[in-house]
Amino acid sequence: MGEIRFIHTADLHLGSPFTGMRGLHPEQWKKLKDSTLDAFGRLIDYAVKEQPDFMLIAGDIYDGEDRSIRAQHRFQLGMQRLSEAGIPVVLSYGNHDHLSGKWTRFELPENVHAFDDSVSQIRLSTANGNAVVTGFSYAQRHVKEPVIHQYPVAEEKDAVYIGMLHGSMEGDTAHAVYAPFTKQQLLSKNYDYWALGHIHLRQELHMDPPVIYPGNLQGRHKNESGPKGFYDVRISGGTSHLNFIPASVLQFDEIQVDCSGIVHMNELLDACLSAAREFAGHYGAGVVEVKLANLNEEAFDMIKDTTEEELTETIREAFSMLDDLVWAESIAVDGMQTQAELTPLGEEIMDRMAGWQLSDWKEVLKDLYRHPKGSRFLEALDPSKTAEIQEAAAQKIRRGMHLGE
């Protein structure tokens, strides 16, 4: 067999609502709101230019079971471009866009092959041999039981076998568990490649054969930071070559601002703008947390009398001078050389939070997580998430509850 080349992507989440983003100007909000669609456009442009043998989309094409008409239309147009370029597509639907949802359906072109809710195989013929792709779509949102045992073992020696699976590793407590599997179960099928979806963090779980999470195509909040994109995969003679292709339109990340020696506000703003300009030079547009590092007591005294809202707005105005959109979503103070003394109430709150267990956080936040509409946009509480919430709360307490306030 010759070389077979394909694109592996997953978790497009077209039509993501981007909840919780406030203060953006209309044109900035439009760039953010359209980012998943525009990243998808970059994926299609790349495929049309590079002409792979086929494309795999491993679940969660849409952000919700009530798929927006606009997102469906954009996806249909993308599939039509691939059809005109002669590129087949194999896709599965995941927990976000399961088959039981209600939506106005768009007819997809004949080059698109979608799995139903039963594990089945789709055979593709390429100029250099056959590919056998095995997978399934979610019948409903929650698929809690393992499905991997329904995948057949590879049989033909003259075909490339690929498994598509939208799910999570057993024991992965950081994410909601869907269609759980173990790595050994995947390897036991003797496939040449495993195209996974569901986890938004890019991961190469195994390389011979490859077991790959490409991550999502476009980050949507600070917990989906860093470059996002898809894989361009080549398989020949049992050997695989993987190339990660960035596709995100804007990047969620943080920028570190070294405040050593700063004593005036204009110096602080210049340092922030310099860090943002460097970020934009590397990554283009972004939504960032601005981390002010190495503040001495004099610098801290300068900012502690300024409200967080006013400081954030001032930094955003400074960033507006950049050619690319770099939006300061939040500000954090990190590594102060002198820690301001807290009020007794501030110390009491900090001490109490430090002793909270996961069950305590669930009790404190229960009203938020029980909200019938808002809760669907929240990540599940786990030790890493509560640590993040605790650190954010601590930052606000340190800024707002010093002695002398």
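View 1. Setting aside neighbours within four places in sequence, Val 290 is in contact (heavy atoms within 4.5 Å) with Ile 255, Val 257, Cys 272, Ile 315, Phe 319, Ala 328, Ser 330, Ile 331 and Ala 332. Residues are numbered from 1 along each chain as its sequence is written, and side-chain values use heavy atoms, with hydrogens and water left out. Because the model is predicted, local features need pLDDT of at least 70 and side-chain atom pairs count only at pLDDT 80 or more, whereas totals for chains, interfaces and linings use all residues.

**View 2. The aromatic pair of Tyr 62 and Phe 75.** Rings of Phe, Tyr and Trp (its six-membered ring) pair if their centres lie within 6.5 Å, and planes under 30 degrees apart count as stacked, over 60 as edge-to-face and the rest as tilted. The structure holds 13 such pairs. Tyr 62 and Phe 75 are edge-to-face, at 5.9 Å centre to centre with 70° between the planes. Tyr 62 lies in the loop between strand 2 and helix 3 and Phe 75 in helix 3, so the pair ties together parts that are 13 residues apart in sequence.

**View 3. The aromatic pair of Phe 279 and Tyr 283.** The ring centres of Phe 279 and Tyr 283 are 5.1 Å apart and the planes stand at 50°, so this pair is tilted. Phe 279, at 6% relative accessibility, counts as buried, while Tyr 283, at 44%, counts as partly exposed; buried means under 20% relative accessible area, exposed over 50%, and partly exposed in between (1.4 Å probe, protein chains only).

Key:
Helices (H or I, at least four residues) and strands (E, at least two) are DSSP runs, numbered from the N terminus.
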